[in-house]
Amino acid sequence: MRVVFSQRLSGGFKKIVPEMSILFLIILSVQPQSVLGNSVISPFLCLSAVFYWSLHRQGHLYVVTLIILGIISDILIGASLGFTPILFLTVFAISSWQKKNVLLKPFYLIWGVFSLISGLAFVIAWAITFFVSLQYADIGPFAIQYFMTVISFPILDWLLSHIQRAVAV
Amino acid sequence: MVLIKLTHEVGGRGYSMARKPVLFSSLVKPLKAWWQKTFFAVGIVASILFMMMDRVEVSYVKEIRINLTDAVLPITQAIFHPINSISNFVDDFKNLNQAHEVVKVLEAQVRELQEELIVTQGLMTQNKRLKEQTNFVDFPDTKIITGRVVAHSGGPFVKSMLINIGQDNGARLGQAVMSEYGLVGVIVEVASSFARVLQITDINSQIPVVTENTRDPAIIKGDNSRFLKLKFMPNDSLLAVGDKILTSGHGGLLPPDIPIGHIAEIDGTSVLVSSLVDWNRLDYIRILDYRFADDLSQHLNNPSD
């Protein structure tokens, strides 16, 4: 009985690892004193995590949980509610759609695809900022965060793949 | 012969159809795919609707937002408390070997400040006497509440931060928030245990200011970058790079003469201001509890008082 319960518990934990890792990265990115340093702009790590899990464990990510995680992110960063869910859902939809064409390709191609998809997400983010405030938002900070996100992707990919192997998600 | 052949064919087909298993997953899979697609569309539409309601400040959306933040924030703090503690300990340990030098510098600064204090006290007495002689109506005193930044936006989408001072500690909407050097922003959301500060660099921030030397009025605006833009200046204003920008106090919401920044660049009609706040090391903040706005609204409501 105990074995069955612990197996169920570990099975349940494995199922929520993708969501938990995204949540952890959301919280990490808003910490004023974090391992990322006290930078004004830090990489959009949770977007990279959404891309990673959409490719490698699509079945473990759900639209509802992505919306909830996005709303938590909006609450913490102070963006309009619904802003981050749109970015998450866009990355999730495109990654899931192109999964078969991308998954078994060499890493540099996956990285290239991520840079394209995240680029689109940042263009959408800039457009939303522009339409919501009806003012021109400086492109510079968006470009900086985009490059930081793309550059940090290999490290995050390595980290998440190790987590994936360790807990056998 | 023909009959036998037909029977065989039909039978053969019938046999294969009967044996082919109808899997439950083959029925569920397309349904699941359809459901995911539909839910994706619903999610996008719901997100857009949420954003619109948040933008037009529908009261219950604002309440939901405040309540959710109140619920989520302690959890995030609890999760990162051990990590932050270790990080602080490592930083302290790193700085330990510099402690002796730091103490020496601080001692020198204390000596300088003690000398300045004597001069300042003399000036304050003189100032007080002059005010009494001219019947000067002063601005109300400003109380200071000190707190810490608990979360910051960390991206280009929005420039805001959460601080650990809430309604219970005296935070109110519209109060100015300062670092040790200059204005950080204005409180735009208050819950019982936290408040959200809209930074002066945010695209939605607009503050009435004056230049220190010429007292030219203007509006300072953010655009989510690290520079601020000076707008609506008088045509004959004489500005120079390095001029200090202060709050004007117009409108009564913010106290006057809070330092904001220096003019960093003038290019035709475009004036860029560099903030005095060190955004990379912003940890402790001070709320200015400025009573003028409250007094003004009270007076307008009860003119007989």
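Let's start at F50(B), which is partly exposed with a relative accessible area of 28%, a label for values between buried (under 20%) and exposed (over 50%), using a 1.4 Å probe and protein chains only. This is a predicted model, in which local features need pLDDT of at least 70 and side-chain atom pairs count only at pLDDT 80 or more, while totals for chains, interfaces and linings use all residues. Residues are numbered from 1 along each chain as its sequence is written, chains are lettered from A and ligands numbered from 1 in the order in which they are written, and side-chain values use heavy atoms, leaving out hydrogens and water.

F50(B) sits in helix α2 of chain B, residues 24-55; helices (H or I, at least four residues) and strands (E, at least two) are DSSP runs numbered from the N terminus. V61(B) is 11 residues away from F50(B) in sequence, and their C-alpha atoms are 8.0 Å apart. Leaving aside residues up to four places away in sequence, F50(B) touches I71(A), L81(A) and G82(A), contact being heavy atoms within 4.5 Å.

Now follow those contacts out to the interface. Here 49 residues of chain B are in contact with 50 residues of chain A. The two chains bury about 4,300 Å² between them, 65% of it on carbon and sulfur atoms; this is the accessible area (1.4 Å probe) lost on putting the two parts together, summed over both. On the chain B side, α2, α3 (59-95), β1 (142-152) and β2 (160-163) each supply at least two of the residues touching chain A. The largest share, 12 residues, comes from α3(B).
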